[in-house]
Amino acid sequence: MMSYIEAEHTKQWRVNPEYIQASRCAIQEASALLQAGRTVAFPTETVYGLGADARSDDAVARIYSAKGRPSDNPLIVHIGRREQLAELAESVSPVAERLIARFWPGPLTIVFPAKPGVLSPKVTAGLDTVAVRMPDHPVALALIAASGCPIAAPSANRSGRPSPTRASHVLEDLAGRIAGVVDGGASGVGLESTVVEVRGDAVTVLRPGGISVEQLREVAPDVALDPALAPAASDDAGFQPRSPGMKYAHYAPRGRMLVVSGDAAPVRARMLHELAVAREQGQRTGVLTFDEHAPDYGDAAELVSTYGRASDYAEAAKRLYDALRAFDEAGIEFIVAEALREEGIGHAVMNRLVKAASGHIVSV
Ligand code: TXA
Ligand code: MG
């Protein structure tokens, strides 16, 4: 297993997503590596992905070993054209068709019954389903088209680290372990795609993400959350989430983390109290809050990061993983974060926050 990750030179290309024609050479070189069974990280509209030819056992094995990813956690397959879906999925239901028409390309991953014998069994981790999405990013689409293959791509971070929203994050985690990274600047949404399963008319959200439950309901009347997403479920050892990745403690910063939810005044009081206790114990402390509340924490913590303005949850999604990485860089040992309301993209942000905090959330 180690043989893949010894002394690999990680090539870098800079590509301007607004002017992709100028970067034909870079796309050609990167896609040639993919065709040769190597791993290349690339930007999508959600986060950076670590791509490899989804049909090749050897190529997909390189993804798992570079990331240190558990082999029972299946990968999302990325396609560039709607017609590619027929090569991967046994069938596409009418409700799935409606979701595709409305949200592809875009941050929605749909789980389909898999066509046998097409993909490396390592992609689906032994399941008889396959998760597919069409990313809405010119660099991702150009790379998929040039490679001519379905691309398996998990987020391009070491397993257990926050997902990368910039090429520099990818290099922090994976330099020397992957064949290359295409740098197309910061990714847009900042959080991963929404993963859904469709059964008859029923849509089940397995992972909240870039497309909100409210948006899904505009197209499909019957949308429910997988019971595994309820916070209590993660404490129940016997509970099996349908999206295998949801059972891992993801996105964890190195410091201990607590999320505080409730009305503004008691939240501020509790956050200041937790910070004071941690500082008394000699810990380096950090705060994650909204711009409007940042002045409350002026001297109370060593690093105060913000989600942006309280009215702009899309900005919070963009900044979250960057902020978590910055706490690590500053050597922060205790982080206290203000909760968001679980509406729109706030639902996905809260899902990632609570995971980052290993379930440590208090309501005041
Ligand atoms: O935005 C994204 O989705 C990013 C970018 C790179 O496209 N990719 C990403 O991949 O987040 P990853 O591997 O970090 O997360 C994939 C999620 C995991 O929770 C996994 O368990 C779930 O999708 N998944 C994959 N195949 C599945 C399947 N057949 N059934 C249920 N869940 C599946
Ligand atoms: Mg991931």
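This is a predicted model: local features need pLDDT of at least 70, side-chain atom pairs count only at pLDDT 80 or more; totals for chains, interfaces and linings use all residues.

Strand 9 (residues 194–199) and strand 10 (residues 202–207) run antiparallel to each other, and five bridges pair them. Residues are numbered from 1 along each chain as its sequence is written, chains are lettered from A and ligands numbered from 1 in the order in which they are written, and side-chain values use heavy atoms, with hydrogens and water left out.

Let's stay with that pair of strands. V198 has V203 of strand 10 as its bridge partner. The two strands make a hairpin with two residues between them, and there G200 takes a positive phi near 60 degrees. Strand 10 also pairs with strand 11, this time in parallel, through four bridges; here T204 is partnered by A224. "Buried" means under 20% relative accessible area, "exposed" means over 50%, and "partly exposed" is in between (1.4 Å probe, protein chains only).

Now zoom out. These strands belong to an open sheet of 11 strands, in the order 1-8-2-3-7-4-6-5-9-10-11, with mixed pairing. At the edges sit strand 1 (11–14) and strand 11 (222–225), each of which pairs on one side only. Elsewhere in the sheet, strand 3 (residues 49–53) and strand 7 (residues 151–152) run antiparallel and are joined by two bridges, with A52 partnered by A152 of strand 7. Helix 2 (residues 57–67) lies across strand 3 and strand 7, running at about 155 degrees to strand 3. For that angle, axes are lines fitted to C-alpha atoms, for helices over the stretch in contact, and angles run from 0 to 180 degrees between N-to-C directions.

Next, have a look at helix 7 (residues 167–174), where A167, H169, V170, D173 and L174 are buried. Seen down the axis of helix 7, its buried residues fall within an arc of 155 degrees, so they line one face of the helix. (The arc is that of the directions from the helix axis to the C-beta atoms.) What covers these buried residues? The cover includes strand 2 (40–42), strand 3, helix 2, strand 8 (180–183) and helix 10 (313–329). After helix 7 comes G176, with a positive phi near 85 degrees. The loop between helix 7 and strand 8 also holds R177, which is buried, with a relative accessible area of 17%.

What about the nonpolar parts? A nonpolar core is a set of buried Ala, Val, Leu, Ile, Met, Phe, Trp, Tyr and Cys residues joined through side-chain atoms within 4.5 Å. The largest one has 49 residues, and L99, W104, L108, I110, F112 and L216 have the most contacts inside it. Apart from it lies another core, of 28 residues, among them Y251, Y313, A316 and A357. I110 touches several residues, including L99, W104, V130 and V198 (contact means heavy atoms within 4.5 Å, and residues up to four places away in sequence are not counted).

Finally, the charges. Side chains of opposite charge can pair when their charged atoms come close. A salt bridge here is a side-chain nitrogen of Lys or Arg within 4 Å of a carboxyl oxygen of Asp or Glu, and by this rule there are 24 salt bridges. In one of them, E218 pairs with R102, with the closest N and O atoms 3.1 Å apart. E218 lies in the loop between helix 8 (213–217) and strand 11 and R102 in helix 4 (residues 94–103), so the pair ties together parts that are 116 residues apart in sequence. E218 counts as exposed at 56% relative accessibility, whereas R102, at 42%, is partly exposed. In another salt bridge, D173 pairs with R161, the closest N and O atoms being 3.2 Å apart. Both D173 and R161 are buried. They also belong to a network of salt bridges that links R161, E172, D173, R254, R325 and D328.

Methods
Two strands pair if DSSP finds at least two bridges between them. The arc is that of the directions from the helix axis to the C-beta atoms.
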